[in-house]
Each structure stands twice: as structure tokens, then as C-alpha cells.
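Here are a few notes to read with the model open beside you. Could you take a look and follow along?

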Amino acid sequence: MNTCKATLRVLFAHRVYLMIYLVFIGILMMSISWAMLTSASGSMSAVFESTKTRVAIIDRDSDRGDIATSMRAYLRDSSELVDLDDTSETLQQAVASNWVDLIVIIPDGFADDYVAAADGDNPPNVDTVTSYASGSGSMARMNVGGFLSLTRTALIGAQTRVDQAALAGMMNATGGAAGFDGASLDQDMLDSLPEGQVDKPDIKDLSQAAKMAAESASDTDVNHQIAVVDTPTEESASAADTAVSGFGGTMKTALYPLSLAMTICGSMILGAFTTGEVRRRLTASPRRMVLMGLQRLLTLGGFALVVCVGYLVLSIGLMMAAGLDPLHLSIGGVLMTFGATCVYALMTVACGFMLSEFGLSEEAANGFANIFGLLIMFTSGVALPIDMMPGVMVTIAKFLPGWWYCTAIDNALGFGTAAETGISVAGWSGSLGLVALFGVMFICIGLAAGRFRRSRPALAAPATTQLAE
């Protein structure tokens, strides 16, 4: 019991390292997880919400033919209309400051030119200025073009008069070439067509055509509304997948702070009992050194398990704060994930034990833990998606414990690398066994290094004592 208390006292004496590597790095990794959780929960919305573009219409034709009014009515459902003064400074500032996505300028004489072009000439175009910041302005410009096309169609169609006999003759000529005659045409269809010839439209006709085009924007028979079909089964499956990937991804981020905190603290704390006068006093005590070393390891292991419990609670809390339901997680998957985190934490304690047996200084232990921790994080799939990692990096990753820790979580929850196979207890056990073997390897290397140093006292302490004169 005294050994455990002493170990905890030394541990909390290094609270600065705990704050930096465990708390601050943990907050950083949790922030990354929070960003992923909120983006995932936001993508689950089943309601279609269209983003309206900001459009300004500058009318320099005094609304002749109701072009400006009808265009505003046509664009009102899909765009946010913005009022701008028709001055060069205002228009330039609106474009430069991205106040609007599209500026439509109806030039002077546009209505007269549009009416004059109804007999077959190319119709005039409005002037447009599109925002440089997004593609929404280009989509709104297409809507403006659609309005003008509908207006032209309505204008020409309203003034078209087709002679029945001429149409029948034309259809007979076309039908003969196509292999059928005009007698096969439905007489009711011919009777429904207007008669006469093409009349020259005027401004009044343009006004009626523009209003018809504007009304078509809100006509559900012409423009069908978007329907969102409620499929509870698929929605529930999507919510469950999002919850699983969010929880698993958050638990994977524990890889880096655990690797740093437990490796560095384990190295310094265990090393404090094996150097200098402390080691001599412990050697001279009646208690066995092996038993005291085991108690120190168990104390650090218990502290690491407490950290794992805290990380599990924070992960579930982040899920709930992001709007994900933890009830979508299976109890077995959560327990296996927590077990994988515990084994990985104990492996980091074993790594710290190895460094302490090598007798590394505080600076050397910090350097090793940071380099090793970054190597594990960038090859495990936490920092980079696995499909973006080159083959060489994947090969290197499989020789490190971080890869198998993440693989164990994938198999425990059935996502990521185990998305096709689903939850696999065998895959989880195999991956977790490899993580545990890394811990055993570190302990064996540490025991060998410690025995080698103790067999050569010159490596651990000066051979002679220097007395001050």
C-alpha cells in the first residue's frame, strides 16, 4: 500500500505533464471529434432546405412589357431579391463585397427589341454580373434565361395562327416520308389547334406573355414540388451508422493523448524508483524489489484505466451534445471498444516501463514519446483516411500498435475497415491480442535492459564516490 501511495504522489507531482499531454491534448482531440460529430449529425436532416441566391434586378427600361415585375415574381420563390441603386459605385461595391450573387440589368429599349425579334430574329439578352465567390449566381442566371425563354415561347405561341388545311398538308408530306398518312391524325387534335397566321405582337402582348411565364414558376402542374419521402427504416439505419462511426472515431482519438501521457509519466515515475539513493534504499529494504516494481506497474495501470473510463464518458457525452443517440450503440460493441482502449492504455504503460529501464533522461523520454506518438497517430488512420494512405505507410502501420487498436474498434462496432464484415469478435480478439503482444514485448525489452544495466553498475552510477575537499 505504501508503494502505491508513493507512486501516486510521484505521479501527481508531475501534474504539469498530465495537464499538457492528457488534458490539453485530450481537449484538442475531442475538438476534432466534436467537429466530425456535428458534421455527421447535421447531414442526417431529412428536410430539403434550398439555399436562396441573392439577386438584384436593375430595370433601365421603365418596366415596359412588365418584364422587370414579372422577372421578380418568377425569381421570388428561388431567390432572395435585393434592392440596389442604379449607380456605378453601388454596383461595383456590391460585386466586390459579394453583397449579391447575381446582378441582372435590363437595358433601355429591351421590351421593344424583344417584341421586334418575335418574328424569328435572335432575341436580345439582359446584362448579368455574376459573383466570383460561389456558383449560385450562375444557377440564378440560368433561371433568368429560363424566364426569358418562357416569355418568348408564350409570346410567339399566343400570336401564332395555324391553318388547318396547311397543317394537314404538311403532316401528309411528313407522314408520307415517315411511312404513315395524314388520315391517321386525330381530327380532335386538328380542331384544337388555332387557325390563321402569325400576327405581329405589341407591348401589351409581351406583358401578357411575361405574366404567363411568371405564373408558371408557382404552377405545381408545371413545376413539381420536391417531395421528401419518410422512410423510417432507412433513416433509423442511417442514424445508427452515424452514431457508431461517431463513437468509434472519438474513442480512436484517445490513441494520441494516452500514448504521450502514460509513456512519459510511466518513464519518469518508474525511473524515479530505480536511480540514485532511492534505488539503494529500496534494495536495502526487506521487501522484494520485484514485488514493489509490480505494485508500481499496477498503480500506473489502474490510473490508465481510470483515464479510459473518463474518455468513455466524455465520448458518450459528446455524442449526446451533437444530437446522436447512444442507444443506437450495441452494449457488446461499447464493451469491446472500452476493452480495446484499456488494453492499449496498459500497453502505453508498458512502453513507459521500458523507457525507465533504459534509464532515459526526461528530455529523451519526451522526445521518444512525441515521435512515437505522432508516428502511431499518422499511420493508424485517425489523422488520415486509410484509402488516402500510400501502400508503404499502410505496411509500416501494421508493425505499430495504433493500427491494430483502431482495427479492434472497427471490428467491435462493425464500421471502417470492418464495414463489409460487420461486428467480428474473432477480428476484435485477434487485433487486441496483437496490441497486448506489443505491451509484452515492451516489458520484456525493459526487463532485459534493466538486468543489463544492473549487471554493470558503471552504467547506472559512477564507479567511485567523489568527495568534496
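Predicted model: local features only at pLDDT ≥ 70, side-chain atom pairs only at ≥ 80, totals over all residues.

1. Residues are numbered from 1 along each chain as its sequence is written, and side-chain values use heavy atoms, with hydrogens and water left out.

2. Find T151 in helix α6 (residues 136-158); helices here are DSSP runs of H or I, at least four residues, numbered from the N terminus. T151 is buried at 0% relative accessible area (buried means under 20%, with a 1.4 Å probe and protein chains only). Beyond four places in sequence, T151 is in contact with Y114, L206, A209, A210 and A213 (contact means heavy atoms within 4.5 Å).

3. Now look at helix α9 (residues 203-217), whose 15 residues should span 21 Å at 1.5 Å a residue (that is 1.5 Å times one less than the number of residues). Its end C-alpha atoms lie 22 Å apart, which agrees. Among the buried residues of α9 are L206, A209, A210 and A213. At the start of α9, a side-chain oxygen of D202 comes within 3.2 Å of the backbone nitrogen of K204.

4. Last, helix α14 (residues 331-358) packs with helix α17 (residues 401-413) at about 165°, their axes 8 Å apart. So α14 is roughly antiparallel to α17 (the term covers angles over 145 degrees). Residues of α14 including G333, A340 and Y344 meet a set in α17 that includes P401, Y405 and L413.

Conventions:
Helix = DSSP H or I, 4+ residues; strand = E, 2+ residues; numbered from the N terminus. Buried < 20%, exposed > 50% of the residue type's maximum accessible area, 1.4 Å probe, protein only. Polar contact = N/O pair within 3.5 Å; in protein donor to acceptor, adjacent residues only side chain to side chain. Axes fitted to C-alpha atoms, helices over the stretch in contact; angles between N-to-C directions. Parallel < 35°, antiparallel > 145°, perpendicular 65-115°, else oblique.
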